[in-house]
Amino acid sequence: MTMEPEVVKKVAGIARLQLTETEITEFAKDLEEVLDYFSMLDEASGVEEYDFNPVKIQDVLREDSVGQDIDSELLTKRMDTYEEWVRGPKLV
Amino acid sequence: MDAAFFERLKTLNKRYVLFSELVDKGPDDHSYGFHFSAKDNLCTSNFQTRAGSRILEGYRPPFDATPVRRMREAGGFLLGKTNMDEFGFGTFSTNSAYGVPRNPFDTERSCGGSSGGAAAAACLLDGHVALGVSTGGSISCPASFCGVVGLTPTYGRVSRYGLVDYGNSLDKVGLLSRSSNALSKYFPIIAGPDPMDPTSCPQPQLNLGPVEIRSIAVPQEAMENIHPDVRTAFDRAIDTLRDSLSVSVEEVSIPSMKYALPAYYVLATSEASTNLARYCGMRFGAKGGDIALHFNDYFSRVRSANFGKEAKRRILLGTYSRMVGFRNRYYLKALAVRQTVIEDYGRVLKKHGMVATPTMPFVSPRFTDIERMKLIDMYRADFLTIPPNLAGLPHISVPCGYADSMPIGMQLVARHWDEAVLLSAAGSWESSFKYRFPEAIR
Amino acid sequence: MRIGLEIHLQLPTASKLFCSCSTSGNGRNTSICPTCLGFPGSRPRLNRRALEIGIQISKFLECKIADTTWFSRKTYFYPDLPKNFQITQYDSPLGVDGRFHVGDKIIRIMRVHLEEDPGRIKRVGKSGEEVSLIDYNRSGVPLVEIVTAPDIASPTEARDFMTDILIELRHLVGLSGKDEQTVRVDANISVGEERVEIKNILGLKNLERGLSFEASRQAKLIKAGKRIIRETRHFDEERKVTISARGKETEEDYGYIAEPDLGIFNVGEMARTMVPVETPLKMAARLASKYAIDRATSRQIVMTSRTLADLFERLCGTIPPEVAAAWILGPLSSNRDLLENRKGDTLACDIERVLQAVVSGEMTDSEARLKINALGKGESVDIAAEGTEDGQLRELVVACIDENPEILSDFKTNRRVANFVIGQIIRTTKGKYASSEIVEAVNKEIERRLRKEQS
């Protein structure tokens with residue numbers, strides 16, 4: 001398969017990566033190589049029933065009780081704040 | 001652990017770049033029973049935790065990872081954070097923002113990865129135990145390249161609370177040391193359920209002790225594309241197992257093994273690309289400069305400036321694999337293939353106590369050779385460590401021979417939760433095979 | 001007109017969906033931990049109560065509940081989303097293919113799922129230079145999302161649907177009383193062929209207004225022969241209009257994958273063992289059909305108070321439903337606070353006896369009303385006796401007459417024999433009661449006994 005630079009750009013946009021033209025060309029080639037290899041999966045037989053973990057993890061639940069081990073000030077200490085709000089970049 | 005030890009350690013670290021952050025001086029009191037290290041993707045409250053990435057520069061977690069906490073509570077003194085490929089993305093520990101660790105047997109060669117610093121520390125520090133992490137072979141590979149014993153437990157056996165995620169359905173915290181003895185001693189400390197990690201909760205009790213192994217299986221798929229030196233050492237090891245330890249050996253076929261590699265890369269990068277979304281210069285780690293930028297630009301700039309090349313590559317691969325239109329072909333198919341691999345191993349392990357293969361297809365390469373390797377060949381180098389990792393099966397890598405004075409590893413794989421089998425087998429193995437080490441500091 | 005709704009409601013849990021931080025933090029960025037801030041190495045741990053409530057809601061909405069369910073990561077980048085992915089449910093919602101009745105109409109429910117709320121975000125600064133400010137106390141608060149089919153025919157119907165579903169859910173799982181104002185809804189509406197989505201409408205009033213505006217906007221366009229563009233719009237609460245949301249600079253592809261840190265949940269089994277609860281409107285519908293009263297009445301009864309509704313059912317066992325309904329909505333309703341506080345079989349039993357007496361003609365309506373008022377106040381009332389303001393006085397009268405039964409027969413010929421009783425009570429109560437009160441009480445009790453003798 002061929003990986004078009006446009007596709008790499010689109011994927012990079014979704015992942016919030018700004019790539020240089022050189023990077024785009026290089027990654028297009030890499031992705032092409034790896035995806036060609038991945039195409040092997042098409043011929044593999046896969047079972048119908050599968051899990052999301054390699055061992056059974058089921059019904060692990062936490063009771064609805066309140067508790068906080070770490071002081072919230074310690075958590076926000078290194079964040080950029082304004083009157084206890086955490087500052088973030090522009091929205092529009 | 002006197003002052004001189006820490007001086008020697010600093011000198012050693014200059015030469016081998018084992019630690020991305022090292023303790024300044026030793027403990028003031030003598031209550032510590034042993035020293036240990038933690039791979040830099042395990043959270044530690046008294047060291048930065050950067051997982052080999054610039055994007056976590058300056059990040060000091062507000063809590064200890066559970067395995068670190070348990071080692072401390074058992075009397076361990078944490079020497080520092082071992083160097084690694086950024087977020088675990090690599091086979092040679094060459095993808096770190098904090099230097100490249102050097103192989104204890106030959107500084108021109110790689111320690112293997114991604115727990116390269118951990119394996120080298122296990123090799124060079126007498127009585128040391130290193131906490132490593134494996135997603136697709138990151139304990140076995142460096143253990144093999146650095147000539148130490150590396151145990152990768154069953155998925156879920158050791159809590160991942162405080163582990164900087166690579167692929168949550170694949171990541172496992174394990175141990176590296178010079179002998180299986182040390183692993184048997186420290187493994188029960190870190191194993192066991194932890195309410196902070198739901199995936200650690202359903203495990204059965206760990207009971208270590210001697211286990212008799214009657215037969216092992218050697219998959220024929222593992223014997224292709226192996227360097228002749230490795231093949232020779234492995235065959236000799238199998239002979240030893242058969243003759244000295246009276247284990248019967250049967251060659252078997254695990255056809256799905258060859259699909260494990262692409263399935264692994266799809267799952268690992270899919271999960272990784274979501275795990276790495278959080279690094280955007282807002283709440284921890286590297287900051288991104290101008291907050292007056294639109295958030296998309298702000299995030300993109302921080303991420304582009306601070307992720308290394310392999311991280312970007314895997315983010316792209318993973319994002320692509322789970323995109324609309326490709327998700328079924330890659331992500332969902334990979335999940336199904338993983339299940340097949342688990343079932344195939346299950347069939348073999350029903351009949352045999354363990355599956356044995358070489359750990360890596362070659363001895364540790366020189367850095368100059370690594371530079372010339374094609375990307376896909378680097379990925380393929382993990383074809384023996386990936387299948388048990390994908391299947392969440394416990395495995396151990398033990399030194400089984402030497403070629404040009406470089407160590408060669410043998411990997412033993414057991415049933416889910418059967419770490420006891422592995423440690424017992426490694427113990428027996430050590431009674432008939434003598435490991436070689438470079439001079440250690442103590 | 002076709003309207004479909006996506007409703008987001010906060011679940012009434014003490015702690016967050018995936019960590020034990022409180023859902024009601026005081027002060028900004030105080031109810032936070034590594035998990036709800038998405039710190040590296042933190043993990044989600046599912047709140048059992050949230051899962052139970054989710055199943056309860058799915059079951060109530062008559063959804064199919066699969067044997068197992070799991071969570072997924074929905075990846076998108078926004079400053080209020082700590083992990084830059086939201087843990088939600090994608091390919092295995094808790095419930096699918098359910099329904100909800102609004103009057104006679106069935107609104108199909110497409111899916112019900114659980115998800116975590118992002119943080120609260122606001123914009124500050126001069127136009128064009130705004131930065132964002134975030135409070136992560138809300139990050140990780142449990143939400144249930146309910147998605148309807150586009151079966152709703154008008155903005156009014158949308159509001160009725162919302163009102164009714166909130167009534168039911170409030171009773172079912174104890175949602176907050178402020179949900180009419182705080183519920184967040186995404187609505188899609190198509191007057192013609194093309195569908196427009198209105199995102200993030202806050203509260204029921206805005207929902208109806210937003211939909212009404214959008215309906216007429218679309219109708220005007222169609223009338224003018226113009227095309228309706230398929231798009232996302234926002235409702236401006238101040239100007240009461242919908243505004244086209246600017247096209248996003250970066251296209252999002254959520255790239256859903258399963259959340260590997262939580263495992264799977266056997267919700268089918270949990271659902272089977274859960275005891276169904278009769279919600280107010282379901283009860284109203286049942287009362288209406290079972291006792292042949294009209295819907296408005298049954299709804300009014302149930303909505304006034306659940307205790308009254310239960311009492312109504314009990315009364316229907318012995319007196320005609322329309323009489324029971326009239327009394328329930330009349331005198332009993334005005335005493336409902338007292339009735340609420342004094343739940344108990346004796347009280348219901350007393351009321352039942354009073355009303356039976358009315359139906360059989362033993363008691364006048366006004367007497368019964370007095371007795372009910374007395375019962376409501378917690379006084380002990382001789383059901384067969386006439387009402388009196390003071391139970392203690394009446395008890396003395398009763399006791400005195402009981403001790404001198406001959407008075408009753410004498411009274412028929414000489415009403416003045418009552419003075420004997422009156423005198424005795426004035427002496428024993430030493431001025432506690434006005435003599436007129438005592439006279440009235442004694443006369444009433446004697447008359448009541450005589451009337452009883454006759455019947």
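Trainee: What percentage of the 442 residues in chain B is buried?
Mentor: Let's start with the term: a residue is buried if 20 or more other C-beta atoms, placed from the backbone, lie within 10 Å of its own. In this predicted model, the share of chain B's 442 residues that are buried is 63%.

Trainee: Before we go on, how should I read the numbering and the model?
Mentor: Residues are numbered from 1 along each chain as its sequence is written, and chains are lettered from A in the order in which they are written. Local features need pLDDT of at least 70, side-chain atom pairs count only at pLDDT 80 or more, and totals for chains, interfaces and linings use all residues.

Trainee: Why is chain B called as compact as a globular protein of its length?
Mentor: The globule rule is 2.2 Å times the number of residues to the power 0.38, and the radius of gyration is taken over C-alpha atoms. For 442 residues the rule gives 22 Å, so chain B counts as that compact because its radius of gyration is close to this, at 20 Å.

Trainee: How many residues of chain B take part in the contact with chain C?
Mentor: Two residues are in contact if their C-beta atoms, placed from the backbone, lie within 7 Å. Chain C gives 28 residues, and chain B gives 34.

Trainee: In what order do the 4 strands of the open sheet lie?
Mentor: The edge strands, each pairing on one side only, are E1 of chain A and E7 of chain C. With antiparallel pairing, the order is E1(A)-E2(A)-E8(C)-E7(C).

Terms used. Two strands pair if DSSP finds at least two bridges between them. Helices (H or I, at least four residues) and strands (E, at least two) are DSSP runs, numbered from the N terminus. A residue is buried if 20 or more other C-beta atoms lie within 10 Å of its own, exposed if 12 or fewer, and partly exposed in between; C-beta atoms are placed from the backbone.
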